[in-house]
Structure formats: C-alpha cells, structure tokens
2 protein chains.
Amino acid sequence: MSLELRKHFEKITPVTDAEFDYILSHFVVKKFKKHQFLIQAGSAVPSDFFVVKGLLRAYYINEDGKEHILQFAMEDWWISDYQAYFNKTEATLNVDCLEEVEVLCLSIQNRDKLCAELHKIEHFFRRKSNAGYIALQRRILCLLNNNAKERFEQFLTQYPSLLQRLPKTLIASYLGVSRETLSRLSA
Amino acid sequence: MSLELRKHFEKITPVTDAEFDYILSHFVVKKFKKHQFLIQAGSAVPSDFFVVKGLLRAYYINEDGKEHILQFAMEDWWISDYQAYFNKTEATLNVDCLEEVEVLCLSIQNRDKLCAELHKIEHFFRRKSNAGYIALQRRILCLLNNNAKERFEQFLTQYPSLLQRLPKTLIASYLGVSRETLSRLSA
C-alpha cells in the first residue's frame, strides 16, 4: 500500500527512495470495517487519512439529528475533520466507513515535522490544499447557483465512479437536496 | 503599505529585513477606484491581490445574468479567481471594487518562484491555504444546514465589520438568500 502513496506524492513532486522511506515512516497503516468510525464528534482528531482502499464520508449532525455530508473520500483521496485537525481542537464532524477501508494515517505533528524538514513535502501539501480550496469554491457556487437537477448532473460528471458505490440517500445529503427529489432525478 | 504585508507574513513566520525586501520586490502596488475591475470573466488572471485598503468582491454571473458572490475581501485579506490563477486558465469570476482600493499584486509566476526559493514562504502559503479550506468547509455546512436567518446571524458574528460597509443586496447574494428575506431579518 506504500506504492499508492508514493505514486500520489509523485504526481506533484519526485521523491528519492530514501526520502520516500523516511516520509512513509511517519505514517501508520490502519484497517477498518464498514460502519466503523475514524473520527467521532467531540473527540480529538488523531490523523489525516490517505485512502488506500475503500470509501468513507465526513459528516455533520445538527441539533435536530439531521446529517449533512461534507465530504466523501475514495482511493487516492484524503479525509479528516480539517478544522479540528489543523487547529488541534475537538472534532465537530464524524468520519466513518461506507466500505471496508485501508488508510495511511498522518498525525498533525508528523505532517508539520515532514513539512518543516522537507521543503518538497511542504510544496506537496500546499499544492493539495490549493486544489482542495478550488474544489470547495466550485461546490459553493454549485450550491448557490444550481437546482437539485443541476447539482445531481454536476456530481455525475465530476464523480461518475462514486455513483455506483453510494446509496442515493447519501448523495442527496451531500448535494443538499431531499431524497425524494434525488430519486425522481436518478430514476 | 509594505508594513501591512510584513505584519501579515509575520503572523505566521518571522522574516528578516533582507528577506522581506526580496519578497516585496515580487509584488506590484496598484490602486483602483470604486467599481473598477481587477479581474473580468473570460480574461486571464494577472495576480492574487493582497488588500492594503478598501473592499472588493469576487462573483460569478450565471447564464440568466444572476450574480452569486463567492468572496468579499477587505484589509489584510487576499482575493482572486483562484481556479483560474492556480490553473493558469481564463477567469470565470469577476473581481471588482466596492470602495477605493489599494492592493499588492502577486503573479502566479512570482508566487511559485518565492515558494521555491524560500521554504518559509511556501510554509506561509500552505498555512493560508489550509485556513481558507477550513473557512470554505464552514460556509458549505452553513449553506447545507442553515436557513436564511441563521446564515445572516453567522455572517454577523463572523464579519461584524463588513456589515457596515456592505449594501444588503450584496450580503443577500453572498448568503444565497433573497434580498426581501434579508431586509426582513436585518430590519
């Protein structure tokens, strides 16, 4: 599973064998079963998680018990409660497994250490963060500008492979539309 | 106006006088009048803009001519069309001045150059990008979870100083609520 991580880094910056071994030594491999939690609201956030295998979601539960999905993550993506992770505060989100999952875990201490020691790793994470920022801006525009049908079509175009792996209820929660509306659209 | 930029960098990382002079030499000072455009949809994006003075907005105009405001920026903030800036593509957003404006402009070439030459600048921009990512996630949750009243109250709490400087129409466009609704709430 280290091969996936190396490929992932090398999409942005080449690393030598020695560098990669050193980088990898800061990660911990973990496996989770479907429905297990990686992060629970109210607890500390142990890591950022690089997904080697499987599918997860990060979601918020409001006072009425309603769930809002902030993020999905499949192979080659990262997932965490980033507000809590970066600010070292309690989680406000939950992250759980929608399938059997294998992840590589990176604590904030190890991330900061690697970024300080290796300029190219700081570069890697800056580029990842910029790309994430752009994706979130696009999602905000989609929420402001698009009706349920347009949101669903955009999701289909952006993440065709996710559609097969996700129950409609969860896609509806991610898009901020009702399940009934989505069922009508995707029938 | 270079003092503001130095203070801004030093919130995250100390810089020596020589380093700061070198950093500053990669920025260009510009002044704009109210209503002038810094970025227009369909054109190239010349810079990321650090706001020394004034107030700006970044917005998208959809096919029906409706405006959606993606971002405001006042003193000590940055604004651009980041998708176009980072990917070196045509702007899809407009950025214009809501007041008289003074900005320090940083081209993507100079940003990449500074980040490659000075590890601490790469660190600075990674930290800024992480903070921006978190703010956008909060906004998405606000859009998914909150009604017009709650969105307005959150805006008030987060940006009390912006309220005095912005017409209600623009706040409504930022929050994704109708102007009439907002007028009722803020009466």
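Author: Happy to! Let us begin with a strand pair: β1(A) and β8(A) run antiparallel to each other and are joined by five bridges. Helices (H or I, at least four residues) and strands (E, at least two) are DSSP runs, numbered from the N terminus, and two strands pair if DSSP finds at least two bridges between them. Within this pair, A:K31 has A:E102 of β8(A) as its bridge partner.

Before going further, a word on the ground rules: this is a predicted model, in which local features need pLDDT of at least 70 and side-chain atom pairs count only at pLDDT 80 or more, while totals for chains, interfaces and linings use all residues. Residues are numbered from 1 along each chain as its sequence is written, chains are lettered from A and ligands numbered from 1 in the order in which they are written, and side-chain values use heavy atoms, leaving out hydrogens and water.

β8(A) also pairs with β3(A), again in the antiparallel sense and over five bridges; here A:D48 stands opposite A:L106 of β8(A). β3(A), residues 48-53, in turn pairs with β6(A) through two antiparallel bridges, and A:F49 faces A:I79 of β6(A). Put together, these strands form an open sheet of four, in the order β1-β8-β3-β6 (chain A), with antiparallel pairing. Its edge strands are β1 (28-32) and β6 (78-79) of chain A, each of which pairs on one side only.

Helix α1 (residues 2-10) of chain A packs on this sheet, touching β3, β6 and β8 (101-106) of chain A; contact here means heavy atoms within 4.5 Å. The direction of α1 makes about 115 degrees with that of β3(A). For that angle, axes are lines fitted to C-alpha atoms, for helices over the stretch in contact, and angles run from 0 to 180 degrees between N-to-C directions.

Now back to β8(A): six of its six residues are buried, so this strand is largely enclosed by the rest of the structure. Buried means under 20% relative accessible area, with exposed over 50% and partly exposed in between (1.4 Å probe, protein chains only). A:V101, A:V103 and A:C105 point one way from β8(A), while A:E102, A:L104 and A:L106 point the other way, and all are buried.
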